[in-house]
Amino acid sequence: MSMRVLLTGGTGFIGREIVFKLIERGDIPVIVTRNAGSTKEMFGSKVEVESWDSLRSGDALFKVEKVINLAGAPIAGKRWTEGYKNEVYESRVTTTRSLVVAMGLAEKPPSALVSASAVGYYGSSERPGFSESSPPGDDFLAKLCVDWEIEAQKAAGFGSRVAIIRSGVALGPGAGALSKIADNFHRHIGGTVGSGDQWVSWIDIEDLVNLYMYALDNDDVSGTLNGTSPAPVKMRTLTDKVGEILGRKSWIDAPPFVLKMLFKEGADVLLEGQHVLPKRTIEQGFDIQNRSLEQTLRKYL
């Protein structure tokens, strides 16, 4: 039986793939958007669109059974001025707070909320490895993720099951980190970022989408789940493998001082990493299919 699933962030890199998956299996995505026209153009007639105003009033949640929350301004590749850091924070924490308040106002609150978070929760480290039980870090991203998750967990107060997915670097076609790395190689300026020794906790976008579906569908799945492959790699391994598959050499490594000049504190997302394992995700019964970095890269490049 099909169900109505409300999504925030449904037109982003990960959100699009989740919407297409919902449509494929016969569900009705209800997408909260500021641009109804382009959203309809992207997905066609098999989705419904709602405004943010209708969400805040609770009207958008009419007959919605479950919710997926993916809203958030881009983090990587942006210059982190104080103003932009505030935008990143508000677009996640404040938006999630508003969403949960609206869920609570609904005549019948949705039975489940699957909400995004990120492996930035753990801070950065050169050592392996973090799991879902590891404590948070103390940098901007870690504090952001803590506050973000706290707002999502409040939905449990009116009976909604809450699952939170701490995503790693999603590798997939057409956008995201892989597209940017590949573009540099196509332009003959490919290379690693910083020292190349930082860990990249990656995940095939197909697995990430399936993890969201798994958390959405299974009533016994709640709490935090790491959306990462069980085989993190070093940044240089990732970039060298992309160059190898594309038949392009690494020519230019991006030095830390240049990235710091371009992105300010946002450079830390690229220069520092963390080795994150999906321990609880696997214990909860989710089967990660794409565990080989090379196979994932060859699928999308």
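Two residues are in contact when heavy atoms of one lie within 4.5 Å of heavy atoms of the other. In the predicted model described here, this criterion is applied to D204: leaving out residues up to four places away in sequence, D204 touches L171, N290, T296, K299 and Y300. D204 is placed in strand β10, which comprises residues 202–204. Its relative accessibility is 0%, and because buried means under 20%, D204 counts as buried. Two of the contacting residues are also joined to D204 through polar contacts between side chains. The side chain of D204 makes a polar contact of 3.0 Å with the side chain of T296, and a polar contact of 2.6 Å links the side chains of D204 and Y300.

A142 lies in helix α5, which covers residues 140–153. With a relative accessibility of 0%, A142 is classed as buried. Neighbours within four places in sequence aside, A142 is in contact with G120, Y121, G123 and G137. A142 and A118 are 24 residues apart along the chain, and their C-alpha atoms are separated by 8.7 Å.

The packing of two helices was examined next. In general, two packed helices are described by the angle between their axes and the distance between the axes. For helix α6 (residues 176–186) and helix α8 (residues 235–246), the axes come within 10 Å and cross at roughly 55°. This angle makes α6 oblique to α8, since angles of 65 to 115 degrees would count as roughly perpendicular and angles under 35 degrees as roughly parallel. The crossing of α6 past α8 is right-handed. On the α6 side, the contact is formed by L178, I181, A182, F185 and H186. On the α8 side, L238, T239, V242, G243 and L246 take part. Sorted by class, the residues of this contact comprise seven nonpolar and three polar ones, with no charged residues.

K63 lies between α3 (52–57) and β4 (66–69). The phi angle of K63 is positive, at about 60°, although K63 is not a glycine. The relative accessibility of K63 is 59%, and because exposed means over 50%, K63 counts as exposed.

Technical notes:
Residues numbered from 1 in each chain as written. Predicted model: local features only at pLDDT ≥ 70, side-chain atom pairs only at ≥ 80, totals over all residues. Heavy atoms only, no water. Helix = DSSP H or I, 4+ residues; strand = E, 2+ residues; numbered from the N terminus. Buried < 20%, exposed > 50% of the residue type's maximum accessible area, 1.4 Å probe, protein only. Axes fitted to C-alpha atoms, helices over the stretch in contact; angles between N-to-C directions. Parallel < 35°, antiparallel > 145°, perpendicular 65-115°, else oblique. Left-handed = near helix turned anticlockwise from the far one by under 90°. Nonpolar A, V, L, I, M, F, W, Y, C, P; charged D, E, K, R; others polar. Polar contact = N/O pair within 3.5 Å; in protein donor to acceptor, adjacent residues only side chain to side chain.
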